[in-house]
Amino acid sequence: MKGLHIYGVSHSYGDNQVLRNVGLLVPAGELVCLLGPSGCGKSTLLRLAAGLEPLQQGSVIINDVEVANKDLFVPPERRRIGLMFQDYALFPHLKVIDNVTFGLVGMDKKQAHERAMDMLDQVGMGHHIDKHPHMLSGGQQQRVALARALAPGPELLLLDEPFSGLDTSMRARIREQTLDVLKRAGVATLMVTHDPEEAMFMADRIKVMGEQGRILQAGRPHEIFYHPKHEFVARLFGIMNSVDGVVIDGHVTTPFGSVSAGAINDGDEVTVLVRPEGIHLTDDQTPGVSVEVQSMHLLGHDSLMRVRMTEGPGNAGEFHVRVHNEFDPALIYPIHAHIDPEYAFVFPLGGGPIFDEPDVLDDGAAGENLSINQDTAAE
Amino acid sequence: MNTVALSSATAPAPVRTRLSWLNVWTIGALIVGAIVALPIITVIVIAFTPGDDIWSHLASTVLPVYISTTLTLMIGVGVGTIVIGVGTAWLAAMCRFPGKRLFEWALLLPLAMPAYVIAYVYTDILDYAGPVQTVLREIFGWTTRHEYWFPEIRSTGGAVAMMTLVLYPYVYILSRAAFLEQSVGVLEASRILGRGPWRSFFSVALPLARPAIVVGVSLALMETLNDFGTVDFFAVSTFTLGIYDVWLNMNNVAGAAQLAGVLLVFVISLIVIERLGRRRQKFHNVGGTYKALPGYTLTGWRRVFAIVACVLPVGMGFVLPALVLISNSITYFDAALDSKFYQYALNSVLLSSLAALLAVLVGIFLAYALRLKGGRFLKILVRFSSLGYAVPGSVLAVGVLVSLGKFDNSLDAFMRHSFGLSTGLLLSGTVAAVTFGYLVRFLALSFGSVEAALEKITPNMDGAARSLGHGPWRTLGRVHLPLIRASVLTAAILVFVDCMKELPLTVILRPFNFHTLATFVHQYASDEQFGEASLAALAIVGFGIIPVIALSFAITRSRPGSNGQEGTQ
């Protein structure tokens, strides 16, 4: 199949194993985000795919051609990949145009120039071709790096934290432009990031990576956000309210109301995670619990509020609640909090996944194929 | 569209096997590293091979003298360079007095003077027949040597003085940088806590700069061990002289190699001290950025003292000898030009250029090979082969001599056996041997600067070039070389100048009757004809100034507040 296919990859630096039996699939034309905390091995996986690091175990296949296994190593210059680094790695001694034509090996000069100009125009840098990289802003450098990576028409594009060097004000805009350019190029793209918001924005599909490269969950951004299969995945998107409980009759009781425990057996101890937007404040007393407001912080479009239970079963803890910025707690009294089940997730106590995930061995190949099939069926 | 056409343009990617380490880089680096390490390994092997009679003979006669003289010399030069180097560094870094900006770089000038040149000059001046004693005799009416006391320049003390005068810049430059790097806050805190400038210096600044000082002194002592010209001229029996003596006058290579082995013990301890110093230096770097130091403004007698303290080393280590050389050169100009000056100068320049070129090429090759694939064994081998800078020229010379001799003999035997041809001594006693010796001794310089320059280039640059379809060679040519050009040029100049000055290796390895400027100066000075050789000595000093100029530019740039680091000054 077209795209990038990695399976059974393990990798160690000395005694430190950073990847253990990892599998990954990037279908042609899709943008896949590898999302994980720093040190989870996601960059290593990218470097292995690029051929910057010799593969110790497993296999890397690009467009049906095996480029690396433990007896085989195709050097990066023969893999026809595009690669973009966090620091862009523009050649400081070359002008913008020469940076972009750098990869057009074997093309005649005029043709290469045209191709480079075309790419630079696409990223909106067509009028900076005679500048040197140090004369450009971070955002401009990023766009040149993108043009340079795409110019040779790679079969696979690898992006390593492509936006983390930009300041926040610029990031959103550049992200949007980059996405446009990538969609137009239609190239299979693997992007590594530690920023969940960025992954949600860019990705057709997100793979959340935990320790030693274990893929905790793979799916569309929607699934990752609304149906996290792992406590770690649920916690990716900011503050969570956490309540411990026990499953009784398929449900867990929290101070704010009862939540379905899904496939978890009765009598099991569980943790219920509720997003701050999953707790609604009303004056409707029936399902919830009475709370008082401790503090309120305006964040812009919404506000984050800290509330404390005034009564209730045992744990009179504090909770975070997200409300619209025009919400005024003074207008409702007494305030009652109750749960929105869509934003509440139940996990077995101790951090394991809710569903019995397939063994790590199948995590890559079998599990991946399954989810792909489902996706294609849906499209 | 375009994209599709492009990606199908190239043939399917060919595939290489796992034995990818079997490439020109790794294998080449292993071979080159082994060849360069060979002389040092040879000396070590011989030193640990059970010796013949000569060894016990040496041990009972000259060895104690060699050891005590060498130790005396090292202690003397060590103390001398610390006092002058640290003292002037403190003045130049922390105090304000007239001429400070001039002294900051002028204090480096003695670095351009080879110790043997300054030794010849001072002997010329201070000898019984020299101008100083002549004037003294005229003033006081003395007529013979026995009527007055005058220090004998041709002595261990004299050698200490000569070497201290030209080697203190090593300590000066490193401790000055260390003082500048110390956070001002630390010193100010010390002042506020009630310690005066002197006590702050001894209790805060000096301990913080200690690692840098240690590195500087160990470099100076390595040069001390390397020196041949001075000790030969002054007849001070150090190891280096002993090696030369045993080899040339007693015609005993094994004995020379065994002496060299003992000398290596001194060297290895210096290397260890230096490495430890460098490691701690990193640890001690308190503040990263240079800040404009407040500086103590000196007044009254302190100001006079500071100026004198800076004038003396520069004057005695550079200005006075340079003036003497110039005046001698003018006096003996015709005689000097007669004496094959051009031939020797050409020899020096050609040989040094060749060595510089080789050192830079090998340095780039090794450093890049390490960058591509830094296997542990290769790393150790490369480190080992760049130990040459610490190993005295005489020791290396013995190593080169023995290993080339072995090579020549086995080649000769092989050729005679297989083809009935005798190649004789193909390399021994040729210019190739000298060049090889230079390469072994100065590879560390070029390798070090290339490696440091490459380290500043992010590995992502390599990754970008490789992913854009360029192999290792083309990446080196199109990305790395243009980026490290300046460092490569600097390295080449440094190696070139060091080769121009080099004496002990050249004296032992050169072909019969072959002279460089350095050996020419040495021979004429030994024959008490220094006047005729002054022009050649002046030429060596002239070349020696080139790196000093480069260094002084670096000094000016590191001056607090300059080059926009502090913006507003």
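Mentor: A residue counts as buried if 20 or more other C-beta atoms lie within 10 Å of its own, as exposed if 12 or fewer do, and as partly exposed in between. Keep in mind that this is a predicted model. Now, ask away!

Trainee: Okay, strand β10 of chain A first. How many of its residues are buried?

Mentor: This strand covers residues 205-209. Arg205(A), Lys207(A) and Met209(A) point one way from β10(A), while Ile206(A) and Val208(A) point the other way, and all are buried.

Trainee: Which residue is the bridge partner of Val32(A) in β10(A)?

Mentor: Look at strand β3 of chain A, residues 31-35, which pairs with β10(A) in the parallel sense. There are 4 bridges in that pairing. In β10(A), the partner of Val32(A) is Arg205(A).

Trainee: And which residue in β11(A) does Lys207(A) stand opposite?

Mentor: β11(A) is the strand at residues 215-219, and it runs antiparallel to β10(A), with 4 bridges joining them. Follow Lys207(A) across to β11(A) and you reach Ala218(A).

Trainee: Which residue in the turn of the β10(A) and β11(A) hairpin has a positive phi?

Mentor: The hairpin has 5 residues between its two strands. In that turn, a phi of about 55° belongs to Gln212(A).

Trainee: Is Asn63(A) buried, partly exposed or exposed?

Mentor: Asn63(A) is in the loop between β4 (57-62) and β5 (65-69) of chain A. Its phi is positive, about 45°, although it is not a glycine. It has 19 other C-beta atoms within 10 Å. Buried takes 20 or more and exposed takes 12 or fewer, so Asn63(A) is partly exposed.

Trainee: What about Glu161(A), buried or exposed?

Mentor: Glu161(A) is in the loop between β8 (156-160) and α5 of chain A. Glu161(A) also has a positive phi of about 45° although it is not a glycine. Because it has 20 other C-beta atoms within 10 Å, Glu161(A) is buried.

Trainee: Moving on to α5(A), which residue follows it?

Mentor: The helix covers residues 168-185, and its 18 residues reach 26 Å from the first C-alpha to the last, close to the 26 Å expected. Arg171(A), Thr178(A), Leu182(A) and Ala185(A) are buried in it. After the helix comes a residue with a positive phi, near 60°: Gly186(A).

Trainee: Which strands stand at the edges of the open sheet in chain A?

Mentor: The sheet has 5 strands in the order β14-β13-β12-β15-β21, with antiparallel pairing. From one strand to the next, the twist averages 35°. An edge strand has a single partner, so one side of it is left without a neighbour in the sheet.

Trainee: In β21(A), what is the bridge partner of Val272(A)?

Mentor: Here you need the pairing of β15(A) with β21(A), which is antiparallel over 5 bridges. Across from Val272(A) you find Val346(A).

Trainee: Asn265(A), then: buried or exposed?

Mentor: You'll find Asn265(A) in the loop between β14 (257-260) and β15 (269-274) of chain A. Val246(A) is 19 residues away in sequence and 9.6 Å away in space, C-alpha to C-alpha. Asn265(A) has 10 other C-beta atoms within 10 Å, so it is exposed.

Trainee: How many Å separate the centres of domain 1 and domain 2 of chain A?

Mentor: Domain 1 of chain A takes in 3-231 + 356-378, and domain 2 takes in 239-348. Taken over C-alpha atoms, the separation of their centres is 39 Å.

Trainee: Now chain B. Which element gives the most to the side of domain 1 that touches domain 2?

Mentor: Chain B is divided into domain 1 (77-236 + 268-324) and domain 2 (331-557). Between them, 22 residues of domain 1 are in contact with 24 residues of domain 2. The domain 1 side divides into 18 nonpolar, 2 polar and 2 charged residues. With 4 residues, the element giving the most is α6(B).

Notes
Residues are numbered from 1 along each chain as its sequence is written. Chains are lettered from A and ligands numbered from 1 in the order in which they are written. This is a predicted model: local features need pLDDT of at least 70, side-chain atom pairs count only at pLDDT 80 or more; totals for chains, interfaces and linings use all residues. The expected span of a helix is 1.5 Å times one less than its number of residues. Domain bounds come from an automatic or database domain assignment. Two residues are in contact if their C-beta atoms, placed from the backbone, lie within 7 Å. Ala, Val, Leu, Ile, Met, Phe, Trp, Tyr, Cys and Pro count as nonpolar, Asp, Glu, Lys and Arg as charged, and the others, Gly among them, as polar. Two strands pair if DSSP finds at least two bridges between them. Axes are lines fitted to C-alpha atoms, for helices over the stretch in contact, and angles run from 0 to 180 degrees between N-to-C directions.
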